Amino acid sequence: MIEARELTRRYGSVLAVDRVSFDVHPGQVVGLLGPNGAGKTTILKALTGYHYPQEGSARIGGFDIVAEPVEAKRRLGYLPENAPAYGVLTVDEYLRFVGAARGLSRAERRAAMELVAGLCGLSSVWFRPISELSKGFQQRVGLAQALVHDPEVVILDEPTSGLDPNQIREVRRIVEDLGRTRTVLLSTHILSEVEAVCDRVLILDAGRIVASGTAAQIASQLHRGTVVAVSLGRPLQPGEREALARLGEITADRTDGDATTLRVVLGEDRDTGDVFDWAVAHGVRLKAVVPERDSLEELFSRLTGGSP
Amino acid sequence: MRGCLAVVRKELLSYFNSPVAYVVIVSFLVFTSVWFFLIHDFFAADIASLRRYYGIMPLVFVVLIPALTMRMWAEERTAGTDEILLTLPVSEMSLVLGKYLAALSLVLVAILLTVFVPLSVRQLGQFERGEIHGQYIGLTLLAFAGTALGGLFSSVSRNQISAFVLTALLLLFFTLAAELNVALQLPAGPAAVLRFLSFEHRFRNLNRGVLDTRDLTFFAGITVAALSLTAVSLVARKQR
């Protein structure tokens, strides 16, 4: 497991991380979410022993990262931001090096190579120099490197950056698999990623945790009501519009030929059912009523000081 | 230990997967041979001595060693791979030793390849074996200390160019300290310090085939100090 206690780090006079504490337990995937520069990478670097926190402490699998770095790091797999790797080495040479440096015996290494080659889909590029690989493959090499020694704790810094949608789905599948048995902490600034793979989210702003919990919990903390997109096959009459406005606030109204789409933020005690009732009452033929799930996004921008 | 060996292997692969190591070593051999056979005209001089061949080596090392050591840490930092290296379960000293041993073995390979010169001319006259052995011991000691210094400067430099320049300048200073002494006409105190630091001075003893424990201690001391400081600099960087 990962235990962070009062982590604080300054770069010169800039306070990058301010007394951050959290735990990640085995069988959990936790997402560190925040805008660029919020301190995500700084926290991950402190957890992995790349640099030391000025105050506070971090433990990996029960070992303090500063006092017992070798024991702590043995239990850790880390994918740094942008997946740096030795470009002149082939995938095979690189992963063998990482395996050996992490203490795998020759036989264990052979088994591990086959495992990660399959898991990360690297067989087709196994003997090519890493510098010749596409960004997507380089990212997968980085992931393979983090998993080669079957670590208890996996820390991933923006694991899906630079990948295409298919590759993103692949990486998420791997992360979900890992999360069943391992302790996984990942950072991202992509909200859908957090909703897709994380059991719990820590939202970070200016070096502090401003919210934590499941995506649904956080969303309900600042719930402003369900948002629905209502589509119908003709323009809305003023009377119908008034009635709809009684259900909630109409924040957008787009007419495209015959089709009209309205975005309605429903009031506190309203739900999607009320929209159907309204349609029946006014004889409006609905084409679609789609609940929007961007409440986390709005929440995120409000928590981190952006405009909603 | 296993971590250290893994680093040695990885470093050697990195050196030989790119043309840099080959280019540097071949240029070294070509330059020293041209210097000795063509510029110094060994055959015309008609003296069965390789002192001029080995005499130029310390000066050539001023370029050879930084060329092979400048990338050691600076390249990792620019490529971001130090994040991989420093988060491995391997102590800083093992990392330093691993990189050092790999770079050192390259310099030693370069030195080893020069034996073709004495081998090819040995039929031509009575060369002093003891002298040649002494010269190899001297070059090896120089390689030990120089490579350790190169590694240190690579770890404290922002990029490879400054690592190269700083290492070359320091090696040049060590190599020419004796000449500086003569040129500057320093008073006794500073002059003694310069003589103490002079590679050339120590190398001259070995060149004559004289192996002194003081010279050994000197080179060993520089090596150990530079390696320890490199490890210290890696830890210090984590606290910044």
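## A parallel strand pair in chain A

In strand 7 of chain A, Val154(A) is the bridge partner of Gly77(A). Strand 7 (residues 153-157) of chain A runs parallel to strand 6 of chain A, and four bridges join the two. Strands here (E, at least two residues), like helices (H or I, at least four), are DSSP runs numbered from the N terminus; two strands pair if DSSP finds at least two bridges between them.

The model is predicted: local features need pLDDT of at least 70, side-chain atom pairs count only at pLDDT 80 or more, and totals for chains, interfaces and linings use all residues. Residues are numbered from 1 along each chain as its sequence is written, while chains are lettered from A and ligands numbered from 1 in the order in which they are written.

Axes are lines fitted to C-alpha atoms, for helices over the stretch in contact, and angles run from 0 to 180 degrees between N-to-C directions.

## The four-stranded sheet of chain A

An open sheet of four strands in chain A has antiparallel pairing and the order 12-13-11-14. Strand 12 (248-256) and strand 14 (286-292) of chain A are the edges; each has a single partner strand, so one side of each is left without a neighbour in the sheet.

Eight bridges pair strand 12 of chain A with strand 13 (residues 259-266) of chain A in the antiparallel sense. In strand 13 of chain A, Thr261(A) is the bridge partner of Arg254(A). Helix 10 (residues 272-282) of chain A lies across strand 11 (227-232) and strand 14 of chain A, running at about 160° to strand 14 of chain A.

## Contact between the chains

In the interface, 23 residues of chain A are in contact (C-beta atoms, placed from the backbone, within 7 Å) with 23 residues of chain B. Helix 2 (69-74) and helix 3 (91-101) of chain A each supply at least two residues of the side of chain A that touches chain B. Helix 3 of chain A gives the most to that side, with four residues.

## A helix pair in chain B

Helix 10 (residues 129-156) and helix 11 (residues 160-184) of chain B have axes that come within 8 Å and cross at roughly 140°. Among the residues that meet are Gly146(B), Leu149(B) and Phe153(B) in helix 10 of chain B and Ala163(B), Leu166(B) and Leu170(B) in helix 11 of chain B.

## Overall composition of chain A

Chain A has eleven helices and 14 strands. Its C-alpha atoms fill a box of roughly 75 × 45 × 35 Å along the principal axes. Of the 308 residues of chain A, 41% count as buried, meaning that 20 or more other C-beta atoms lie within 10 Å of the residue's own, with C-beta atoms placed from the backbone.

Notes: Contact = placed C-beta atoms within 7 Å. Buried ≥ 20, exposed ≤ 12 C-beta atoms within 10 Å, placed from the backbone.
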